[in-house]
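These are my notebook entries on what I looked up in one protein model.

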Amino acid sequence: MNFTISFSELMPLAPVMIVALTAIVVMILVAIKRNHNLIATASVVGLNLAAAYILIAMFGGSFVPAHVMGMFMVDPFSMLYQLVIIIAALACCTLSHAYIESYKDNREELYILMLCSVAGAMLMVSSSHYASFFISLELMSIPIYGLLAYTHQRSQSLEAGIKYLVLSATASAMLLMGMAYIYAYTGSLSFYDNVKALMQALQQPMVILGLGLIIFAVAFKLSLAPFHKWTPDVYAGAPAPIATFLATVAKVATIGLFVRYLLTSGAILVESIVTIITIIAVLSILVGNFLAVRQVNLKRILGYSSIAHFGYLLIGLVSMTFASLGSVSVYVITYVLTTIGAFGAVALMSSPYNNVDEAQSLADYRGLFWRRPVLTATLTVMMLSLAGIPLTAGFIGKFLIVMAAVTTHHWFLAAMIVVGSGIGLYYYLRVMVVMYMTPPDTPRIDADKHWGQKVGGLMVLAAALAVLVIGVYPDPVIKMALQAEILSPLHFMLSQQ
């Protein structure tokens, strides 16, 4: 059998190759001479080139979906998710630059790990084969272990890295076992080849068990209940820019892969699997919101909040119809922008190498409005968006998910979104109220006076502006999400239902 492949056949994966090449260039630059500004700039330039390539391919009018090596499906769906991943990675790179500026040890390796993880994330959303599913997932996950523990002088950071390493390895083992069970009965590792074989093998308990194990492993990566226990600890312990990376890049890659897997393998047609996903969604909404109510640590609040948000997202996935295809993608885009802004504000407030730890407690944000009004306004917009208040991007995302649930007559699930949003309103408003209270005489920690003139600050302000613009005029984002999914092979699967 001939396993050779021409370069032209790999061209659909050009954005991934650009990011991988950037990682190699950064390694060479580090070997020649360490320069934090140069390495950060090279990383950002590489990511921008990959983003530019995707934008040209998406809007240039000449893009043709391609199946690469039988393992990766490059279509408008994967291109949209790759673009979101790169935007999130750019935000994390810019936030990291100021955050580790005063770090005493080597700073440059952070960008190498981040670029390798981004390459894995971009491959994940294109995966259409169990082998590429697992390998790209590990390529994304393994650098994250190092990123979480990068600031190892902080014991919390080291603890976060070890917790994520141990639990993530367990999830990977579950994933492999699930794949083995399915392969044993279907004889195929491709998602697309699996549909008929999977339908015929569904009488076998081992096939259902295999699908269940894969869903549980993905639920861990998405920090869905009851696989959520690691989330608040890891978010609180991780350096703020890396918590942003974990909450955006890793989650977008996993949900993109999960959507493709469920719709192209035929798993979404299995009633028992839909029931499992529904239970996980409802549990995530309840657990995430109720546990966030008791928290006084902003990063832990955002951690529990993400559990609830991915519960909402799963409802959109369960309620998939042709008309509501874009709801999941729109929700992912709005969630990423809002999370970048919220965690970005925490990163800008934190100076962990000036003998002060991160600004995690709500007490650190008391009276912030009277010292940093623009930063307070930015964080307020993000809290309103997470709560789903009108005129913010978060409202548009939630509205489309509710509409999807109502369209498919999932009344209970629609009610759960409303109940979850009502509970969430309490702890989001509490964060906002604290910022407008009377300030302490001497604040324990504060943002830099010129935070808005730095690249990280500009990125956070841009995210806040995007959240408001999408909230007022969501049409372009909705059209882009619908177009991306209608043109992809996912549409074919839905049209067959």
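**Entry 1: a pair within one helix.** I began with Lys479 and Asp475, which are four residues apart in helix H20 (residues 475-486) and are therefore separated by about one helical turn. Helices here are DSSP runs of H or I with at least four residues, strands are runs of E with at least two, and both are numbered from the N terminus. Before going on I noted that this is a predicted model, in which local features need pLDDT of at least 70 and side-chain atom pairs count only at pLDDT 80 or more, while totals for chains, interfaces and linings use all residues. I also noted that residues are numbered from 1 along each chain as its sequence is written, and that side-chain values use heavy atoms, with hydrogens and water left out.

Lys479 and Asp475 form a salt bridge, with their closest N and O atoms 3.6 Å apart; the term asks for a side-chain nitrogen of Lys or Arg within 4 Å of a carboxyl oxygen of Asp or Glu. I then looked up how open the two residues are, taking buried as under 20% relative accessible area, exposed as over 50% and partly exposed as in between (1.4 Å probe, protein chains only). Lys479 counts as exposed at 55%, whereas Asp475 is partly exposed at 32%.

Entry 2: How many salt bridges does the count come to? I found seven by this rule. In one of them, the side chains of Asp75 and Arg260 meet at 3.1 Å, N to O. Asp75 lies in the loop between strand S2 (72-74) and helix H4 (76-99) and Arg260 in helix H11 (residues 240-264), so this pair ties together parts that are 185 residues apart in sequence. Asp75 is buried, with a relative accessible area of 0%, and Arg260 is buried with a value of 0%.

I next turned to Asp233 and Arg300, whose side chains meet in a salt bridge of 2.9 Å, N to O. This pair links distant parts of the chain, with Asp233 in helix H10 (residues 230-237) and Arg300 in helix H13 (residues 298-318), 67 residues apart. Asp233 counts as partly exposed, at 28% relative accessibility. I also wrote down that Glu159, Lys163, Asp233 and Arg300 are linked in a network of salt bridges.

**Entry 3: aromatic rings.** I counted rings of Phe, Tyr and Trp (its six-membered ring) as a pair if their centres lie within 6.5 Å, with planes under 30 degrees apart called stacked, over 60 edge-to-face and the rest tilted. The structure holds 17 aromatic pairs. Tyr164 is in helix H7 (residues 155-186) and Phe220 in helix H9 (residues 205-221), which places the partners 56 residues apart. Tyr164 is buried at 1% relative accessibility, and Phe220 is buried at 7%. Elsewhere in my notes, Tyr130, Phe133, Phe191 and Tyr261 form one aromatic cluster.

**Entry 4: the whole protein.** I listed 21 helices and two strands. Buried residues make up 59% of the 497 residues. The C-alpha trace spans about 70 × 55 × 45 Å along its principal axes. Among contacts (heavy atoms within 4.5 Å) between residues at least 6 apart in sequence, 80% join residues at least 24 apart.
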